[in-house]
Amino acid sequence: MTQTSLAPWPVIAQPMRGAPIEALQHLLRHHGSGITADGIFGPKTDAAVKAFQQSHGLVVDGKAGPQTWPKLIVTVRRNDHGEAVRGAQVLCVDVTVDGIFGPNTEAGVKAMQGFLHIAVDGIVGPVTWQALVANGD
């Protein structure tokens with residue numbers, strides 16, 4: 001799979017639930033939202049997505065899709081920490097969600113990159129985010 005054959009960014013909205021929603025919530029928290037990252041796309045997540053969309057000049061529809069995701073994601077790599085790291089960790093298998101991008105998270109990211117047939121570099125950048133989110137549930 002090359003970057004041009006990546007699955008498109010999924011559109012997620014109420015009342016969905018699962019790992020991509022939890023990753024979305026961690027990313028929203030990274031950008032200053034006070035929502036809980038519980039993996040449930042409810043009214044508070046909808047309001048947080050709308051606020052993010054409004055503040056970034058996007059169509060305000062409460063749906064995280066191909067216009068919203070690229071503005072929301074943050075590249076994370078070894079030695080990073082925080083909510084964006086938690087978002088990436090939620091989408092990897094056998095990775096502890098602790099917000100610390102250490103060697104175990106890096107190994108988990110590399111494993112997922114190999115599984116998803118994208119460049120294996122241990123960095124969660126735009127291509128890796130898109131592949132992880134699209135593969136999420």
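The accessible surface of the protein chain amounts to about 6800 Å², and 53% of that area belongs to carbon and sulfur atoms; accessible areas come from the Shrake-Rupley method with a 1.4 Å probe. This is a predicted model, in which local features need pLDDT of at least 70 and side-chain atom pairs count only at pLDDT 80 or more, while totals for chains, interfaces and linings use all residues. Residues are numbered from 1 along each chain as its sequence is written, and side-chain values use heavy atoms, with hydrogens and water left out.

**Overall fold**

- The protein chain contains six helices and zero strands, where helices (H or I, at least four residues) and strands (E, at least two) are DSSP runs numbered from the N terminus.
- The radius of gyration of the protein chain, 14 Å, is close to the 14 Å that the globule rule gives for 137 residues, so the chain is as compact as a globular protein of that length. The radius is taken over C-alpha atoms, and the rule is 2.2 Å times the number of residues to the power 0.38.
- Along the principal axes, the C-alpha atoms fill a box of roughly 35 × 30 × 25 Å.
- Of the 137 residues, 46% are buried (buried means under 20% relative accessible area, exposed over 50%, partly exposed in between, with a 1.4 Å probe and protein chains only).

**Packing of α1 and α4**

- Helix α1 (residues 19-30) packs against helix α4 (residues 83-90) at an angle of about 170°, and their axes are 7 Å apart. That makes α1 roughly antiparallel to α4 (an angle over 145 degrees, taken from 0 to 180 degrees between N-to-C directions).
- Contact means heavy atoms within 4.5 Å; the α1 residues involved include Ala-19, Leu-27 and His-30, and those of α4 include Glu-83, Gly-87 and Val-90.

**Asp-61**

- Asp-61 lies in the loop between α2 (43-55) and α3 (69-72), and is partly exposed at 36% relative accessibility.
- Leaving aside residues up to four places away in sequence, Asp-61 touches Lys-50 and Gln-53.
- The C-alpha atoms of Asp-61 and Val-49 are separated by 8.2 Å, with the two residues 12 apart along the chain.

**Backbone features**

- The peptide bond from Gln-14 to Pro-15 is cis, with omega near 0°, and Pro-15 is in the segment before α1.
- Asp-94, in the loop between α4 and α5 (103-115), has a positive phi near 60° although it is not a glycine; the residue is exposed at 80% relative accessibility.
- His-117, in the loop between α5 and α6 (126-135), is a non-glycine residue with a positive phi of about 60°, and is exposed at 52% relative accessibility.

How values were computed: Angles under 35 degrees count as roughly parallel, over 145 as roughly antiparallel, 65 to 115 as roughly perpendicular and the rest as oblique.
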